[in-house]
Amino acid sequence: DKACQTNSSRRKKRSAKDMAITQGATSSQVQRTENVEFTWTTIVSTYWCYIFGVFMAYLHERFFKVFYVKDEPITISSEYAPLIDRIQLFYHRYLVGRIDDCFNRPITSPPGAWISIKERTGTLMIGDLRFTGTTKECLNLGSYNYLGFAETSGKCLDDDVMQLQNYSTSTCSSRVGCGTTPIHRELEQLMARFIGKEDSIVFGMGYATNSTSIHALVGAGGLIISDTLNHASLIVGIRCATASVRTFKHNDPVDLERTIQKAIKEGQPKTKLPWTKILIVVEGIYSMEGEILKLPEIITIKKKYKAFLYVDEAHSIGALGKRGRGVCDYFGVDPADVDILMGTFTKSFGSAGGYIASSKILIDFLRATSYASLYETSMSMGVAQQILSSIRIIMGEDLGNEGQKRLEDLRNNSNYFRRRLKEEGFSVIGDMDSPIVPIIICHPIKMCYFTRKCLEENIGVVVAGFPVTPLLSARARFCISAAHTIHDLETAIQKMSLIGASCLVNDPFASGQSRLVS
């Protein structure tokens, strides 16, 4: 395969450069993608598409119902408060409902490099979205299985089965009740050692780790400063707090400092008293942008104004850094400079749940105040064992250098895939070394066409549009895994290049390097 041999040689030439980036890099050394600039043609056509879609949806609701027997009018009882806003229901039914086959695709296999997707036909709008009874084997470019630990065989699975035989599937109790077992404490101690903190606490759900714990960190009289593109779980957790909230421009240390200065100058609302505490909330890798946090600059600002720093490492722990220990490892930063490190086990570790790592005093405080610790059923022992086994492999305590090999494969695959998409003329956003590689599509019709054609070509991709993304920034988001091979990625890129060219998403001749895989 001449194309694969060419790709292999290119990969070797670039490996030295990649390693220089990933060993104690600074923010200025990270290869970052400039913001995508939209032409007036793109802006006008995208807005027109949404306007026309809303207009046709309105006509369908008012005049065309007679053609669809299953279509019922939207009615909200006047006797009760509505559970669903009429506008939201209208948008979901008549706009999202037309393209619902592009989302929520059920799979019938483990989330490995290849997955089995159940095929469907019809639309949700008229109630005929149904399964065809067939499945399609697709290259998996949508799952967060970064290191490939979500497997159906191997040491992790063997350890999980043994642990389930010892402890069953559930404790049927919260952590403060009868839900703490030796394996939970073992996991918390290992996680703290892996990250470089005094202690940690684990939760059964990653989303709940943020949404049920942040309220306990900052109370009335405090201030939370949040990145504008933080994850929904962070936003929910911040809203549950009684502290005041400010936002700063996405991953922009300059605007962060400006926001802190203004907040300190103004003081608390009404009383104008100084803030009791300032907490900066950010992410290690932003999941829809593929951007890596500018951690060194954020830490400098945090120290300058004596604030506290909360970093969500859901997508960076296990995926960034020479040792896979997250954004601190990636930049060579002392974990002690970050007050609170949070992460999830659903990505790099192939499991479920989340953790918060910090000082022992703070972790003991969270054990007694976090809603999840008080009320949530504790993590399943089989789930905890999966995390333990995968961490030990990453740390090199089991299976020799298997963990290091997976880390290198993930980094090489991610950088190769990102470079090749750029060479094929796609508008790629995000940073090198990030396993999340989004491309901007803009137009919602092109977004739907792209994902449907990819499915026809046996490529499983995830797409997102408004309101998940800004109106003009509909995109396809690819998640790369160590389980992928360069040949599979190159084959997918060539197919997607042809699909993109057919709907004017990319320019395959932009660099003159379009190739076919034999």
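## Cysteines, helix packing and a loop residue

Cys102 is buried, as its relative accessible area is 4%. This value, like the others in this report, comes from a predicted model. Cys448 is likewise buried, with a relative accessible area of 6%. The two residues are considered together because the sulfur of Cys102 has its closest cysteine sulfur in Cys448, at 4.1 Å, which is too far for a bond. A disulfide is a covalent bond between the sulfur atoms of two cysteines. The cut-off applied here requires the sulfur atoms to lie within 2.5 Å. A search of the whole structure finds zero disulfides.

| Cysteine | Relative accessible area | Closest cysteine sulfur |
|---|---|---|
| Cys102 | 4% | Cys448, 4.1 Å |

The protein chain as a whole contains 16 helices and 15 strands. Of its 518 residues, 54% are buried. Among contacts between residues at least 6 apart in sequence, 71% join residues at least 24 apart.

Helix α7 spans residues 232-240, and its buried residues are Ser233, Leu234, Gly237 and Ile238. These residues lie on the same side of α7, because they cover an arc of only 135 degrees around the axis. The elements against which the buried residues of α7 pack are helix α6 (206-211) and the strands β4 (222-227), β5 (244-248), β6 (277-283) and β9 (308-312).

A helix pair is formed by α5 (residues 182-195) and α13 (residues 381-394), whose axes come within 10 Å and cross at roughly 30 degrees. Angles under 35 degrees count as roughly parallel, and α5 and α13 are therefore roughly parallel to each other. Their crossing is left-handed. On the α5 side, the contact is made by Ile183, His184, Glu186, Leu187, Leu190, Met191 and Phe194. On the α13 side, the contributing residues are Met381, Ala384, Gln385, Ile387, Leu388, Ile391, Arg392 and Ile394.

Val468 belongs to the loop between β14 (462-464) and β15 (474-479). Its relative accessibility is 59%, so Val468 counts as exposed; the threshold for that class is over 50%. Val468 and Met288 are 180 residues apart in sequence, while their C-alpha atoms are 9.1 Å apart in space.

Notes. Residues are numbered from 1 along each chain as its sequence is written. This is a predicted model: local features need pLDDT of at least 70, side-chain atom pairs count only at pLDDT 80 or more; totals for chains, interfaces and linings use all residues. Side-chain values use heavy atoms; hydrogens and water are left out. Buried means under 20% relative accessible area, exposed over 50%, partly exposed in between (1.4 Å probe, protein chains only). Helices (H or I, at least four residues) and strands (E, at least two) are DSSP runs, numbered from the N terminus. The arc is that of the directions from the helix axis to the C-beta atoms. Contact means heavy atoms within 4.5 Å. Axes are lines fitted to C-alpha atoms, for helices over the stretch in contact, and angles run from 0 to 180 degrees between N-to-C directions. Angles under 35 degrees count as roughly parallel, over 145 as roughly antiparallel, 65 to 115 as roughly perpendicular and the rest as oblique. A crossing is left-handed if the near helix is turned anticlockwise from the far one by less than a right angle, and right-handed if clockwise.
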